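Hi everyone, thanks for making time. I'd like to walk you through the charged pairs in the structure I've been looking at. Let me put it up on the screen.

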Amino acid sequence: MSGRVTGKRVLITGAARGMGRSHAVRLAEEGADLILVDICESLPEVEYPLATRDDLDETARLVTELGRQALTYVVDVRDGAALSAAVAEGVAELGGLDASVANAGVLTAGTWDTTTAEQWRTVVDVNLIGTWNTCAAALPHLVERGGSLINVSSVAGLKGSPLHTPYTASKHGVVGLSRALANELAAVNVRVNTVHPTGVATGLRPDSLHTLLHETRQDLGPIFQNALPIQMTEALDISNAVLFLISDEARHVTGLEFKVDAGVTIR
Ligand SMILES: NC(=O)c1ccc[n+]([C@@H]2O[C@H](COP(=O)([O-])OP(=O)(O)OC[C@H]3O[C@@H](n4cnc5c(N)ncnc54)[C@H](O)[C@@H]3O)[C@@H](O)[C@H]2O)c1
């Protein structure tokens with residue numbers, strides 16, 4: 001076999017649908033075996049539904065159809081102990097771990113005066129502490145032989161994306177945590193990089209953001225406008241960045257903020 005990540009074992013959170021599923025399929029195409037984690041339950045603070053158990057099973061089916069292994073775990077990334085236990089079980093079954101993709105994330109929308117403390121806590125808990133929990137669950141299995149941590153941020157991790165302040169803050173936090181870890185872990189050959197997508201059509205869809213941008217704050221629209229003449233990118237474009245960062249082609253790449261953003265952050 002000559003896949004770009006043949007034999008690598010990769011943990012992906014938020015793997016039931018959207019970009020997480022796309023990463024799983026793209027990595028399986030290139031020879032990886034996968035530990036797939038998702039909450040498979042909706043959250044009251046998030047206005048759109050999260051994924052279901054059927055969604056997670058479908059991702060696993062797509063991976064096994066490609067001849068690779070897929071182990072599934074229903075875990076909330078906010079629960080560090082449960083996540084570490086699930087990862088340890090998956091790693092024991094696969095015989096090791098080479099990389100993780102902290103992809104689970106949620107988005108709430110609102111102006112500064114309508115954003116609630118509950119939204120703040122949920123978004124920071126899932127997007128930032130959940131990313132930390134994912135790194136912490138993976139690292140015990142990586143420090144002996146080296147590996148690759150990929151933390152999914154956003155263009156909102158690099159610019160002041162308005163109307164979802166908790167999300168923007170959490171995604172900036174992911175950058176800080178990743179930079180610090182990249183320094184701390186370089187000595188043991190663990191690379192830590194972030195990925196920064198512009199808009200991708202997935203299940204992450206708070207209708208109220210659309211309403212705010214089109215009815216209340218049209219003046220903020222240009223901040224979200226890509227430089228390239230496309231409205232959105234596709235999950236596969238992000239998966240190709242993730243694939244590169246996991247592969248040995250990126251063996252000397254760490255501390256990178258990998259933008260797949262159609263140029264929105266140069267504006
Ligand atoms: N879609 C976009 O436009 C966009 C842009 C930039 C960054 N991102 C980021 O990309 C990542 C993937 O998002 P997506 O667009 O595929 O969204 P999505 O909602 O389709 O998928 C996110 C997945 O994470 C899962 N999840 C949510 N909370 C969880 C938790 N607490 N524990 C475990 N799993 C949980 C959901 O069930 C879902 O399957 C997120 O981190 C998101 O912030 C998305």
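Okay, I'll go through some salt bridges, pair by pair. Keep in mind that this is a predicted model.

So, how many salt bridges does a search of the whole structure find? The count comes out at 13. I'll only show you some of them.

Let's begin with aspartate 57 and arginine 53, whose side chains meet in a salt bridge, 3.0 Å from N to O. Where do these two residues sit? They're both in helix α2, which covers residues 53–65. Because they're four residues apart in that helix, about one helical turn separates them.

Next up is aspartate 76 with arginine 78. Their side chains form a salt bridge as well, with 2.6 Å from N to O. Arginine 78 has a relative accessibility of 28%, so we call it partly exposed.

Then have a look at aspartate 219 and arginine 217. That's another salt bridge, and the closest N and O atoms are 2.7 Å apart. On the aspartate side, residue 219 has 49% relative accessibility, so it counts as partly exposed. Arginine 217 is partly exposed as well, at 33%.

One more thing before I sit down. Which residues are linked in a network of salt bridges? Those are Arg9, Asp98 and Arg145.

Definitions and conventions:
Residues are numbered from 1 along each chain as its sequence is written. This is a predicted model: local features need pLDDT of at least 70, side-chain atom pairs count only at pLDDT 80 or more; totals for chains, interfaces and linings use all residues. Side-chain values use heavy atoms; hydrogens and water are left out. A salt bridge is a side-chain nitrogen of Lys or Arg within 4 Å of a carboxyl oxygen of Asp or Glu. Buried means under 20% relative accessible area, exposed over 50%, partly exposed in between (1.4 Å probe, protein chains only).
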